[in-house]
Amino acid sequence: MADSGGLEFQAVRERLKSCVNKAKDDNDETELVAAFQSTAGSEQERKLVVDQVFRDLVKDSVLKGGDMDRCKVLIKLVIKSALQGYCSPNLVFILLSDIFDCITLENCDPLFTFVEEKVSTWTMPLFFSAGKNLLLRMCNDLLRRLSTSQNTVFCGRIQLFLARLFPLSEKSGLNLMSQFNYENTTTYTKQTTAELKDKAIGGEMEVDGQEAGELTTSTVPIDFNLYKKFWALQDYFRNPTQCYTTLAWKTFTQYTKEVLNVFRSVKLEHVTWKKKAKEFKDLQGSDSKDLARYFAKFLTNEKLLDLQLSDSNFRRTILVQMLIIYQYLAGNVKFKSTNQVLSESQSTWIKDATSQVYELLRETPPDGDKFAKTVEHILEREENWISWKNEGCPSFIKDRSQDEVAPKPTRKRKVSLGEEMASGWKSKKVLMGSNELTRLWNLCPDNLEACKADNRVFLPTLEEYFSEAIEQADPAAMVEEEYKVTKNSNFGWRALRLLARRSHHFFQPSTNPFKTLPDYLESVVQQLAQELPNLKTEEGIVVNGTSDSAVPIT
(Lines give C-alpha, C1' and ligand atoms only; values in the text may rest on other atoms or scores of the structure.)
Protein backbone atom coordinates (compact mmCIF):
# COMPACT_ATOMS: atom_id res chain seq x y z
CA MET A 1 0.00 0.00 0.00
CA ALA A 2 1.33 3.45 -0.96
CA ASP A 3 0.40 6.75 0.72
CA SER A 4 -0.03 10.14 -0.91
CA GLY A 5 3.69 10.78 -0.74
CA GLY A 6 4.60 7.60 -2.64
CA LEU A 7 5.92 5.61 0.36
CA GLU A 8 5.08 1.90 0.15
CA PHE A 9 4.84 0.97 3.83
CA GLN A 10 5.05 -2.81 3.61
CA ALA A 11 7.91 -2.85 1.11
CA VAL A 12 9.95 -0.31 3.04
CA ARG A 13 9.18 -2.14 6.29
CA GLU A 14 10.53 -5.46 4.97
CA ARG A 15 13.61 -3.83 3.47
CA LEU A 16 14.49 -2.00 6.69
CA LYS A 17 13.81 -5.12 8.77
CA SER A 18 16.26 -7.04 6.62
CA CYS A 19 18.91 -4.34 7.16
CA VAL A 20 18.45 -4.40 10.93
CA ASN A 21 18.54 -8.21 11.08
CA LYS A 22 21.98 -8.17 9.46
CA ALA A 23 23.36 -5.92 12.22
CA LYS A 24 25.38 -7.89 14.76
CA ASP A 25 25.95 -4.93 17.12
CA ASP A 26 25.24 -1.22 17.32
CA ASN A 27 28.12 -0.42 14.92
CA ASP A 28 26.51 -2.29 12.00
CA GLU A 29 24.09 0.45 11.03
CA THR A 30 25.53 1.21 7.58
CA GLU A 31 22.86 -0.64 5.59
CA LEU A 32 20.08 0.80 7.75
CA VAL A 33 21.33 4.34 7.13
CA ALA A 34 21.60 3.76 3.39
CA ALA A 35 18.13 2.24 3.20
CA PHE A 36 16.65 5.06 5.26
CA GLN A 37 18.19 7.77 3.08
CA SER A 38 17.14 6.09 -0.18
CA THR A 39 13.52 5.65 0.91
CA ALA A 40 10.97 8.00 -0.61
CA GLY A 41 8.60 10.03 1.53
CA SER A 42 8.95 12.64 4.26
CA GLU A 43 11.33 12.26 7.18
CA GLN A 44 8.49 11.79 9.67
CA GLU A 45 6.99 8.97 7.55
CA ARG A 46 10.32 7.18 7.33
CA LYS A 47 10.80 7.50 11.11
CA LEU A 48 7.42 5.87 11.69
CA VAL A 49 8.46 2.90 9.54
CA VAL A 50 11.75 2.50 11.43
CA ASP A 51 9.89 2.67 14.77
CA GLN A 52 7.57 -0.12 13.68
CA VAL A 53 10.47 -2.25 12.42
CA PHE A 54 12.25 -2.11 15.77
CA ARG A 55 9.05 -2.90 17.67
CA ASP A 56 8.47 -5.96 15.49
CA LEU A 57 12.01 -7.22 15.95
CA VAL A 58 11.96 -6.72 19.73
CA LYS A 59 8.63 -8.55 19.94
CA ASP A 60 10.04 -11.48 17.95
CA SER A 61 13.13 -11.64 20.20
CA VAL A 62 11.03 -11.71 23.37
CA LEU A 63 8.55 -14.28 22.08
CA LYS A 64 11.25 -16.60 20.77
CA GLY A 65 12.70 -17.72 24.07
CA GLY A 66 13.35 -14.27 25.54
CA ASP A 67 16.71 -13.53 23.88
CA MET A 68 17.84 -10.66 26.12
CA ASP A 69 21.20 -10.30 24.41
CA ARG A 70 19.51 -9.65 21.08
CA CYS A 71 17.14 -7.19 22.75
CA LYS A 72 20.11 -5.24 24.14
CA VAL A 73 21.68 -5.04 20.68
CA LEU A 74 18.42 -3.72 19.25
CA ILE A 75 18.12 -1.15 22.06
CA LYS A 76 21.67 0.09 21.35
CA LEU A 77 20.78 0.38 17.63
CA VAL A 78 17.69 2.39 18.56
CA ILE A 79 19.79 4.77 20.70
CA LYS A 80 22.26 5.32 17.87
CA SER A 81 19.48 5.76 15.31
CA ALA A 82 17.71 8.31 17.51
CA LEU A 83 20.93 10.31 17.94
CA GLN A 84 21.34 10.40 14.13
CA GLY A 85 17.68 11.28 13.56
CA TYR A 86 16.47 8.02 11.97
CA CYS A 87 13.83 7.15 14.60
CA SER A 88 11.79 8.79 17.37
CA PRO A 89 13.69 9.62 20.60
CA ASN A 90 11.00 8.07 22.81
CA LEU A 91 11.10 4.73 20.96
CA VAL A 92 13.82 3.33 23.22
CA PHE A 93 11.65 3.81 26.32
CA ILE A 94 8.60 2.28 24.65
CA LEU A 95 10.64 -0.79 23.76
CA LEU A 96 12.07 -1.11 27.28
CA SER A 97 8.58 -0.88 28.79
CA ASP A 98 7.31 -3.56 26.41
CA ILE A 99 10.19 -5.88 27.29
CA PHE A 100 9.77 -5.45 31.06
CA ASP A 101 6.04 -6.14 30.73
CA CYS A 102 6.64 -9.40 28.88
CA ILE A 103 9.48 -11.02 30.85
CA THR A 104 9.69 -12.56 34.31
CA LEU A 105 11.14 -10.80 37.35
CA GLU A 106 14.17 -13.06 37.16
CA ASN A 107 15.03 -11.65 33.73
CA CYS A 108 14.12 -8.08 34.75
CA ASP A 109 17.13 -7.85 37.07
CA PRO A 110 19.89 -8.18 34.42
CA LEU A 111 17.96 -6.03 31.93
CA PHE A 112 17.60 -3.29 34.53
CA THR A 113 21.38 -3.44 35.04
CA PHE A 114 21.65 -2.49 31.36
CA VAL A 115 19.25 0.43 31.97
CA GLU A 116 21.36 1.59 34.94
CA GLU A 117 24.53 1.58 32.86
CA LYS A 118 22.89 3.87 30.30
CA VAL A 119 21.83 6.55 32.80
CA SER A 120 24.21 9.07 31.19
CA THR A 121 22.39 8.48 27.88
CA TRP A 122 18.91 8.90 29.39
CA THR A 123 19.89 12.25 30.91
CA MET A 124 20.81 13.70 27.51
CA PRO A 125 18.37 16.48 26.52
CA LEU A 126 17.21 14.55 23.43
CA PHE A 127 16.09 11.50 25.42
CA PHE A 128 15.22 13.09 28.77
CA SER A 129 12.71 15.58 27.40
CA ALA A 130 11.03 12.93 25.25
CA GLY A 131 10.97 9.99 27.63
CA LYS A 132 11.26 11.02 31.27
CA ASN A 133 7.57 10.29 31.90
CA LEU A 134 7.86 6.93 30.12
CA LEU A 135 10.89 6.02 32.24
CA LEU A 136 9.07 7.00 35.41
CA ARG A 137 6.01 4.95 34.45
CA MET A 138 8.21 1.97 33.55
CA CYS A 139 9.98 2.07 36.95
CA ASN A 140 6.71 2.45 38.86
CA ASP A 141 5.16 -0.49 37.00
CA LEU A 142 8.22 -2.55 37.87
CA LEU A 143 8.04 -1.51 41.54
CA ARG A 144 4.42 -2.62 41.72
CA ARG A 145 5.43 -6.10 40.60
CA LEU A 146 8.22 -6.41 43.18
CA SER A 147 7.88 -7.35 46.84
CA THR A 148 9.33 -4.90 49.32
CA SER A 149 10.36 -7.76 51.63
CA GLN A 150 11.65 -10.31 49.10
CA ASN A 151 13.03 -7.97 46.41
CA THR A 152 14.32 -5.23 48.70
CA VAL A 153 17.65 -4.73 46.93
CA PHE A 154 16.02 -4.53 43.49
CA CYS A 155 13.49 -1.97 44.77
CA GLY A 156 16.34 0.08 46.22
CA ARG A 157 18.21 0.01 42.90
CA ILE A 158 15.15 1.35 41.10
CA GLN A 159 14.76 4.18 43.62
CA LEU A 160 18.45 5.10 43.34
CA PHE A 161 18.21 5.03 39.55
CA LEU A 162 15.30 7.48 39.64
CA ALA A 163 17.23 9.70 42.06
CA ARG A 164 20.18 9.80 39.65
CA LEU A 165 17.95 10.34 36.63
CA PHE A 166 15.71 13.18 37.78
CA PRO A 167 16.85 16.51 39.24
CA LEU A 168 16.11 17.38 42.86
CA SER A 169 13.39 19.82 41.80
CA GLU A 170 11.42 17.18 39.87
CA LYS A 171 7.81 17.61 41.05
CA SER A 172 6.88 13.94 40.74
CA GLY A 173 9.22 12.93 43.57
CA LEU A 174 8.73 15.75 46.06
CA ASN A 175 5.34 15.05 47.70
CA LEU A 176 4.52 18.75 47.50
CA MET A 177 1.19 18.42 49.32
CA SER A 178 2.83 16.62 52.30
CA GLN A 179 0.56 13.59 51.97
CA PHE A 180 0.97 10.47 54.13
CA ASN A 181 0.88 6.80 53.16
CA TYR A 182 -2.26 5.77 55.00
CA GLU A 183 -2.06 2.25 53.54
CA ASN A 184 1.03 1.48 55.65
CA THR A 185 -0.94 -0.09 58.46
CA THR A 186 0.49 -2.23 61.27
CA THR A 187 -1.59 -5.22 62.31
CA TYR A 188 -1.31 -6.55 65.85
CA THR A 189 -3.39 -8.52 68.33
CA LYS A 190 -5.94 -6.28 70.01
CA GLN A 191 -7.57 -8.88 72.29
CA THR A 192 -6.09 -11.01 75.06
CA THR A 193 -5.90 -14.77 74.95
CA ALA A 194 -8.72 -15.07 77.50
CA GLU A 195 -11.02 -12.89 75.39
CA LEU A 196 -10.27 -14.93 72.29
CA LYS A 197 -10.91 -18.15 74.19
CA ASP A 198 -14.29 -16.90 75.40
CA LYS A 199 -15.30 -16.09 71.84
CA ALA A 200 -14.00 -19.43 70.60
CA ILE A 201 -16.12 -21.36 73.12
CA GLY A 202 -19.27 -19.85 71.69
CA GLY A 203 -18.40 -19.95 67.99
CA GLU A 204 -15.51 -22.42 67.49
CA MET A 205 -13.43 -19.64 65.92
CA GLU A 206 -9.79 -19.88 64.85
CA VAL A 207 -7.23 -17.14 65.33
CA ASP A 208 -4.13 -16.96 63.14
CA GLY A 209 -4.53 -20.57 62.09
CA GLN A 210 -4.60 -21.90 65.68
CA GLU A 211 -7.43 -23.08 67.82
CA ALA A 212 -8.24 -20.70 70.66
CA GLY A 213 -7.59 -23.47 73.13
CA GLU A 214 -4.01 -23.78 71.92
CA LEU A 215 -3.28 -20.14 72.79
CA THR A 216 -3.43 -20.89 76.51
CA THR A 217 -0.52 -23.32 76.30
CA SER A 218 2.09 -20.55 76.12
CA THR A 219 4.05 -20.02 79.32
CA VAL A 220 5.61 -16.71 78.22
CA PRO A 221 4.40 -13.87 80.51
CA ILE A 222 2.93 -11.07 78.41
CA ASP A 223 2.11 -7.52 79.53
CA PHE A 224 -0.75 -7.22 77.07
CA ASN A 225 -1.63 -3.68 78.12
CA LEU A 226 1.90 -2.50 77.27
CA TYR A 227 1.83 -4.54 74.06
CA LYS A 228 -1.31 -2.82 72.78
CA LYS A 229 -0.10 0.66 73.69
CA PHE A 230 3.30 0.02 72.13
CA TRP A 231 2.01 -1.02 68.72
CA ALA A 232 -0.84 1.51 68.78
CA LEU A 233 1.81 4.22 68.41
CA GLN A 234 2.43 3.05 64.84
CA ASP A 235 -0.95 4.46 63.83
CA TYR A 236 0.17 7.92 65.02
CA PHE A 237 3.48 7.55 63.18
CA ARG A 238 1.48 6.66 60.04
CA ASN A 239 -0.87 9.66 60.37
CA PRO A 240 0.61 12.40 62.60
CA THR A 241 -2.16 14.92 61.81
CA GLN A 242 -4.56 13.15 64.18
CA CYS A 243 -2.35 14.26 67.09
CA TYR A 244 -3.74 17.78 66.71
CA THR A 245 -7.08 16.64 68.14
CA THR A 246 -7.48 16.77 71.92
CA LEU A 247 -8.35 13.11 72.55
CA ALA A 248 -5.70 11.71 70.16
CA TRP A 249 -3.04 14.00 71.64
CA LYS A 250 -3.85 12.81 75.16
CA THR A 251 -3.67 9.16 74.09
CA PHE A 252 -0.47 9.69 72.09
CA THR A 253 1.37 11.43 74.94
CA GLN A 254 0.23 8.81 77.46
CA TYR A 255 1.37 5.87 75.33
CA THR A 256 4.64 7.57 74.46
CA LYS A 257 5.39 8.30 78.10
CA GLU A 258 4.81 4.68 79.10
CA VAL A 259 6.99 3.33 76.28
CA LEU A 260 9.83 5.72 77.19
CA ASN A 261 9.57 4.65 80.82
CA VAL A 262 9.89 1.00 79.76
CA PHE A 263 12.95 1.80 77.63
CA ARG A 264 14.42 3.72 80.55
CA SER A 265 13.86 0.84 82.97
CA VAL A 266 15.18 -1.89 80.62
CA LYS A 267 18.90 -1.14 80.26
CA LEU A 268 20.72 -2.76 77.35
CA GLU A 269 24.20 -4.22 77.31
CA HIS A 270 26.44 -4.33 74.29
CA VAL A 271 26.23 -7.78 72.67
CA THR A 272 28.60 -8.63 69.86
CA TRP A 273 27.18 -9.65 66.51
CA LYS A 274 28.75 -13.11 66.63
CA LYS A 275 27.08 -13.90 69.95
CA LYS A 276 23.71 -12.66 68.74
CA ALA A 277 24.06 -14.64 65.51
CA LYS A 278 24.77 -17.81 67.51
CA GLU A 279 21.65 -17.23 69.65
CA PHE A 280 19.48 -16.74 66.57
CA LYS A 281 21.00 -19.81 64.95
CA ASP A 282 20.17 -21.91 67.99
CA LEU A 283 16.60 -20.57 68.04
CA GLN A 284 15.88 -20.84 64.33
CA GLY A 285 18.13 -23.72 63.32
CA SER A 286 19.33 -21.82 60.26
CA ASP A 287 22.63 -20.62 58.93
CA SER A 288 23.91 -17.30 60.30
CA LYS A 289 24.13 -15.79 56.81
CA ASP A 290 20.30 -15.79 56.71
CA LEU A 291 20.36 -13.13 59.42
CA ALA A 292 21.33 -10.53 56.82
CA ARG A 293 17.91 -10.89 55.20
CA TYR A 294 15.95 -7.65 55.40
CA PHE A 295 12.36 -7.45 56.61
CA ALA A 296 10.30 -4.41 55.68
CA LYS A 297 8.28 -4.46 58.94
CA PHE A 298 8.85 -5.83 62.43
CA LEU A 299 6.89 -8.82 63.63
CA THR A 300 4.06 -7.86 65.99
CA ASN A 301 3.40 -11.12 67.82
CA GLU A 302 2.82 -10.39 71.50
CA LYS A 303 5.19 -13.22 72.50
CA LEU A 304 8.11 -11.39 70.86
CA LEU A 305 7.73 -8.07 72.66
CA ASP A 306 10.10 -8.92 75.54
CA LEU A 307 12.79 -9.97 73.07
CA GLN A 308 12.24 -6.90 70.92
CA LEU A 309 12.60 -4.55 73.88
CA SER A 310 16.06 -6.03 74.45
CA ASP A 311 17.11 -5.47 70.83
CA SER A 312 19.13 -2.28 70.32
CA ASN A 313 18.23 -1.97 66.61
CA PHE A 314 14.54 -2.33 67.39
CA ARG A 315 14.75 0.29 70.15
CA ARG A 316 16.63 2.72 67.90
CA THR A 317 14.01 2.35 65.18
CA ILE A 318 11.16 3.23 67.54
CA LEU A 319 13.04 6.16 69.08
CA VAL A 320 13.91 7.62 65.67
CA GLN A 321 10.25 7.30 64.67
CA MET A 322 9.39 9.39 67.73
CA LEU A 323 11.90 12.07 66.78
CA ILE A 324 10.48 12.26 63.26
CA ILE A 325 6.89 12.75 64.44
CA TYR A 326 8.03 15.31 67.04
CA GLN A 327 9.76 17.28 64.29
CA TYR A 328 6.64 17.23 62.13
CA LEU A 329 4.25 18.24 64.92
CA ALA A 330 6.40 21.18 66.05
CA GLY A 331 7.61 22.16 62.58
CA ASN A 332 6.29 24.74 60.15
CA VAL A 333 4.86 22.88 57.15
CA LYS A 334 3.27 24.88 54.36
CA PHE A 335 0.28 22.61 53.81
CA LYS A 336 -0.82 22.29 57.43
CA SER A 337 -4.30 23.62 58.10
CA THR A 338 -4.90 26.55 60.44
CA ASN A 339 -6.03 24.31 63.32
CA GLN A 340 -2.93 22.10 63.12
CA VAL A 341 -0.91 24.19 65.56
CA LEU A 342 0.46 23.14 68.94
CA SER A 343 -0.30 25.10 72.08
CA GLU A 344 2.47 26.39 74.32
CA SER A 345 2.09 23.47 76.74
CA GLN A 346 2.16 20.96 73.87
CA SER A 347 5.29 22.54 72.42
CA THR A 348 6.95 22.33 75.83
CA TRP A 349 6.01 18.64 76.07
CA ILE A 350 7.49 17.97 72.61
CA LYS A 351 10.73 19.69 73.64
CA ASP A 352 11.04 17.65 76.86
CA ALA A 353 10.17 14.38 75.11
CA THR A 354 12.78 15.06 72.42
CA SER A 355 15.44 15.51 75.09
CA GLN A 356 14.42 12.22 76.73
CA VAL A 357 14.60 10.35 73.40
CA TYR A 358 18.09 11.65 72.65
CA GLU A 359 19.17 10.65 76.14
CA LEU A 360 17.89 7.11 75.55
CA LEU A 361 19.65 6.98 72.16
CA ARG A 362 22.94 7.92 73.80
CA GLU A 363 22.43 5.14 76.36
CA THR A 364 21.67 2.49 73.71
CA PRO A 365 24.77 0.45 72.75
CA PRO A 366 26.77 0.18 70.61
CA ASP A 367 28.16 3.69 69.93
CA GLY A 368 25.17 5.46 71.46
CA ASP A 369 26.68 8.94 71.43
CA LYS A 370 27.78 8.64 67.82
CA PHE A 371 24.40 7.34 66.70
CA ALA A 372 22.52 10.10 68.55
CA LYS A 373 24.70 12.82 66.99
CA THR A 374 24.18 11.32 63.54
CA VAL A 375 20.39 11.28 63.94
CA GLU A 376 20.42 14.85 65.24
CA HIS A 377 22.48 15.98 62.26
CA ILE A 378 20.13 14.24 59.81
CA LEU A 379 17.06 15.88 61.34
CA GLU A 380 18.77 19.28 61.23
CA ARG A 381 19.38 18.78 57.52
CA GLU A 382 15.74 17.77 57.17
CA GLU A 383 14.78 21.26 58.38
CA ASN A 384 16.55 22.64 55.31
CA TRP A 385 14.48 20.38 53.05
CA ILE A 386 11.28 21.46 54.80
CA SER A 387 12.15 25.13 54.28
CA TRP A 388 12.99 24.41 50.64
CA LYS A 389 9.61 22.74 50.08
CA ASN A 390 7.79 25.56 51.87
CA GLU A 391 9.36 27.98 49.37
CA GLY A 392 7.96 26.02 46.42
CA CYS A 393 11.05 23.89 45.68
CA PRO A 394 13.06 26.44 43.66
CA SER A 395 15.65 25.00 41.30
CA PHE A 396 19.19 24.57 42.58
CA ILE A 397 20.58 25.42 39.13
CA LYS A 398 21.24 29.13 38.91
CA ASP A 399 21.45 30.78 35.50
CA ARG A 400 24.42 32.99 34.93
CA SER A 401 23.38 36.62 34.76
CA GLN A 402 24.27 38.84 31.86
CA ASP A 403 26.64 40.78 34.10
CA GLU A 404 28.67 37.64 34.71
CA VAL A 405 28.66 36.69 31.04
CA ALA A 406 29.64 40.17 29.83
CA PRO A 407 33.37 40.79 29.44
CA LYS A 408 35.00 42.55 32.36
CA PRO A 409 36.24 46.11 31.71
CA THR A 410 39.95 46.69 31.42
CA ARG A 411 41.73 47.77 34.58
CA LYS A 412 42.43 51.50 34.84
CA ARG A 413 45.87 52.87 35.61
CA LYS A 414 46.23 53.70 39.28
CA VAL A 415 46.75 57.40 40.01
CA SER A 416 50.01 58.15 41.81
CA LEU A 417 50.16 59.87 45.19
CA GLY A 418 51.80 62.97 43.69
CA GLU A 419 49.04 63.35 41.14
CA GLU A 420 46.41 63.10 43.85
CA MET A 421 48.09 65.79 45.97
CA ALA A 422 48.43 68.06 42.98
CA SER A 423 44.77 67.75 42.07
CA GLY A 424 43.84 68.43 45.69
CA TRP A 425 45.83 71.67 45.87
CA LYS A 426 44.30 72.85 42.61
CA SER A 427 40.78 72.29 43.94
CA LYS A 428 41.72 73.75 47.36
CA LYS A 429 40.88 70.51 49.16
CA VAL A 430 42.73 68.64 51.87
CA LEU A 431 43.05 64.98 50.81
CA MET A 432 42.62 62.59 53.75
CA GLY A 433 43.24 59.28 51.98
CA SER A 434 39.62 58.20 51.37
CA ASN A 435 36.68 59.85 49.66
CA GLU A 436 34.49 59.93 52.77
CA LEU A 437 37.16 61.42 55.05
CA THR A 438 38.00 64.00 52.40
CA ARG A 439 34.34 65.00 52.11
CA LEU A 440 33.91 65.34 55.88
CA TRP A 441 37.10 67.34 56.35
CA ASN A 442 36.23 69.83 53.60
CA LEU A 443 32.63 70.52 54.62
CA CYS A 444 33.74 73.83 56.15
CA PRO A 445 36.94 75.81 55.50
CA ASP A 446 37.34 76.67 59.21
CA ASN A 447 36.91 73.75 61.62
CA LEU A 448 36.49 76.00 64.68
CA GLU A 449 33.66 77.90 63.02
CA ALA A 450 32.07 74.59 62.16
CA CYS A 451 32.07 73.62 65.85
CA LYS A 452 30.26 76.88 66.71
CA ALA A 453 27.45 76.28 64.22
CA ASP A 454 23.89 76.18 65.53
CA ASN A 455 23.34 72.64 64.28
CA ARG A 456 26.17 71.44 66.57
CA VAL A 457 24.19 72.37 69.74
CA PHE A 458 22.59 69.14 70.90
CA LEU A 459 21.64 70.14 74.46
CA PRO A 460 17.85 70.22 75.04
CA THR A 461 16.29 72.97 77.13
CA LEU A 462 15.41 72.38 80.77
CA GLU A 463 11.74 72.74 79.96
CA GLU A 464 11.89 70.11 77.19
CA TYR A 465 13.84 67.56 79.18
CA PHE A 466 12.03 67.92 82.54
CA SER A 467 8.51 68.44 81.15
CA GLU A 468 7.51 64.79 81.65
CA ALA A 469 9.02 64.68 85.16
CA ILE A 470 7.13 67.89 86.11
CA GLU A 471 3.85 66.41 84.86
CA GLN A 472 4.43 63.22 86.86
CA ALA A 473 5.26 65.23 90.01
CA ASP A 474 1.76 66.76 89.98
CA PRO A 475 -0.41 64.82 92.51
CA ALA A 476 -3.34 65.10 90.10
CA ALA A 477 -1.49 62.90 87.63
CA MET A 478 -1.62 60.01 90.14
CA VAL A 479 1.60 58.40 88.89
CA GLU A 480 3.06 55.81 91.22
CA GLU A 481 6.59 56.34 92.48
CA GLU A 482 8.07 53.28 90.79
CA TYR A 483 6.88 54.42 87.35
CA LYS A 484 8.28 57.99 87.49
CA VAL A 485 11.10 58.87 85.09
CA THR A 486 13.18 60.18 87.98
CA LYS A 487 13.57 56.56 89.09
CA ASN A 488 15.26 55.73 85.77
CA SER A 489 19.08 55.69 86.14
CA ASN A 490 19.61 56.76 82.51
CA PHE A 491 17.29 59.73 82.95
CA GLY A 492 19.08 60.75 86.17
CA TRP A 493 22.55 60.59 84.61
CA ARG A 494 21.52 62.81 81.68
CA ALA A 495 19.64 65.16 84.04
CA LEU A 496 22.79 65.79 86.13
CA ARG A 497 24.81 66.65 83.00
CA LEU A 498 22.08 68.99 81.76
CA LEU A 499 21.72 70.73 85.14
CA ALA A 500 25.48 71.24 85.30
CA ARG A 501 25.31 73.03 81.93
CA ARG A 502 22.09 75.00 82.12
CA SER A 503 20.89 75.43 85.71
CA HIS A 504 22.28 77.33 88.70
CA HIS A 505 20.51 74.89 91.05
CA PHE A 506 23.19 72.33 90.48
CA PHE A 507 25.88 74.47 92.15
CA GLN A 508 23.84 75.77 95.13
CA PRO A 509 25.02 74.33 98.48
CA SER A 510 22.46 72.44 100.54
CA THR A 511 22.35 71.82 104.27
CA ASN A 512 20.24 68.70 103.75
CA PRO A 513 22.27 66.16 101.76
CA PHE A 514 20.23 63.70 99.70
CA LYS A 515 20.72 59.97 100.09
CA THR A 516 19.67 58.94 96.59
CA LEU A 517 19.68 60.52 93.14
CA PRO A 518 15.88 60.20 92.63
CA ASP A 519 15.28 62.22 95.84
CA TYR A 520 17.57 64.96 94.59
CA LEU A 521 15.86 65.05 91.19
CA GLU A 522 12.45 65.29 92.86
CA SER A 523 13.55 68.48 94.67
CA VAL A 524 15.00 69.95 91.47
CA VAL A 525 11.78 69.19 89.58
CA GLN A 526 9.75 70.99 92.25
CA GLN A 527 12.02 74.06 92.00
CA LEU A 528 11.86 74.09 88.19
CA ALA A 529 8.07 73.81 88.28
CA GLN A 530 7.90 76.97 90.40
CA GLU A 531 10.37 78.89 88.19
CA LEU A 532 8.94 77.98 84.79
CA PRO A 533 7.88 81.60 83.98
CA ASN A 534 11.50 82.84 84.46
CA LEU A 535 13.13 79.69 83.05
CA LYS A 536 13.75 81.01 79.56
CA THR A 537 15.52 84.15 80.81
CA GLU A 538 17.82 82.18 83.10
CA GLU A 539 18.36 79.66 80.37
CA GLY A 540 19.59 82.32 77.97
CA ILE A 541 22.05 83.69 80.56
CA VAL A 542 23.43 80.27 81.31
CA VAL A 543 23.86 79.38 77.67
CA ASN A 544 25.77 82.63 76.98
CA GLY A 545 28.00 81.91 79.89
CA THR A 546 29.01 78.43 78.76
CA SER A 547 31.88 77.55 76.49
CA ASP A 548 31.37 77.32 72.74
CA SER A 549 31.91 73.55 72.52
CA ALA A 550 28.72 71.78 73.56
CA VAL A 551 28.66 68.16 74.72
CA PRO A 552 25.58 66.12 73.71
CA ILE A 553 23.76 64.21 76.44
CA THR A 554 23.64 60.74 74.84
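These legends go with several close-up views of a predicted model.

Local features are described where pLDDT is at least 70 and side-chain atom pairs where it is 80 or more, while totals for chains, interfaces and linings use all residues. Residues are numbered from 1 along each chain as its sequence is written, and side-chain values use heavy atoms, leaving out hydrogens and water.

**View 1. The whole chain, before zooming in.** The protein chain has 25 helices and two strands; these are DSSP runs numbered from the N terminus, with helices being H or I over at least four residues and strands being E over at least two. Of its 554 residues, 34% are buried (buried is under 20% relative accessible area, exposed is over 50%, partly exposed is in between, using a 1.4 Å probe and protein chains only). Take the contacts between residues at least 6 apart in sequence, and 70% of them join residues at least 24 apart; a contact here means heavy atoms within 4.5 Å.

**View 2. In general, nonpolar side chains in soluble globular proteins tend to be buried together. The largest nonpolar core here has 57 residues, and Phe-54, Val-92, Ile-99, Phe-112, Trp-122, Ile-158 and Phe-161 have the most contacts inside it. A second, separate core has 41 residues, including Phe-237, Tyr-244, Leu-360 and Ala-372. For the record, a core is a set of buried Ala, Val, Leu, Ile, Met, Phe, Trp, Tyr and Cys residues joined through side-chain atoms within 4.5 Å. Helix α6 against helix α8.** Two packed helices are described by the angle between their axes and the distance between the axes. For α6 (residues 105–117) and α8 (residues 125–145), the axes come within 12 Å and cross at roughly 140°. These axes are lines fitted to C-alpha atoms over the stretch in contact, and the angles run from 0 to 180 degrees between N-to-C directions. The crossing of α6 past α8 is left-handed, meaning that the near helix is turned anticlockwise from the far one by less than a right angle (clockwise would be right-handed). Leu-105, Cys-108 and Phe-112 are the α6 side of the contact, meeting Cys-139, Leu-142 and Arg-145 of α8. By type, the contact has five nonpolar residues, no polar ones and one charged (Ala, Val, Leu, Ile, Met, Phe, Trp, Tyr, Cys and Pro count as nonpolar, Asp, Glu, Lys and Arg as charged, and the others, Gly among them, as polar).

**View 3. Cys-71, tucked into helix α4.** Cys-71 lies in α4 and is buried, with a relative accessible area of 1%. Beyond four places in sequence, Cys-71 touches Val-58, Ser-61, Val-62 and Ile-99. Leu-95 is 24 residues away from Cys-71 in sequence, with 9.2 Å between their C-alpha atoms.

**View 4. Ser-88 and its partner Asp-51.** Look for Ser-88 in the loop between α4 (68–84) and α5 (91–102). Ser-88 counts as buried because its relative accessibility is 13%. Not counting residues up to four places away, Ser-88 touches Asp-51 and Ala-82.

**View 5. Leu-126 in helix α8.** Leu-126 lies in α8 and is partly exposed, at 34% relative accessibility. Its contacts, leaving aside neighbours within four places, are Ala-82, Leu-83 and Pro-89. Asn-90 is 36 residues from Leu-126 in sequence, and their C-alpha atoms are 9.0 Å apart.

View 6. Most residues other than glycine have a negative phi, and most peptide bonds are trans. The bond from Pro-365 to Pro-366 is cis, with omega near -5°, and Pro-366 is in the loop between α16 (344–363) and α17 (368–390). Asp-367 is in that loop too, with a positive phi near 55°. Cys-393, in the loop between α17 and α18 (402–405), also has phi near 55°. Asp-367 counts as exposed at 57% relative accessibility, whereas Cys-393 counts as buried at 4%.
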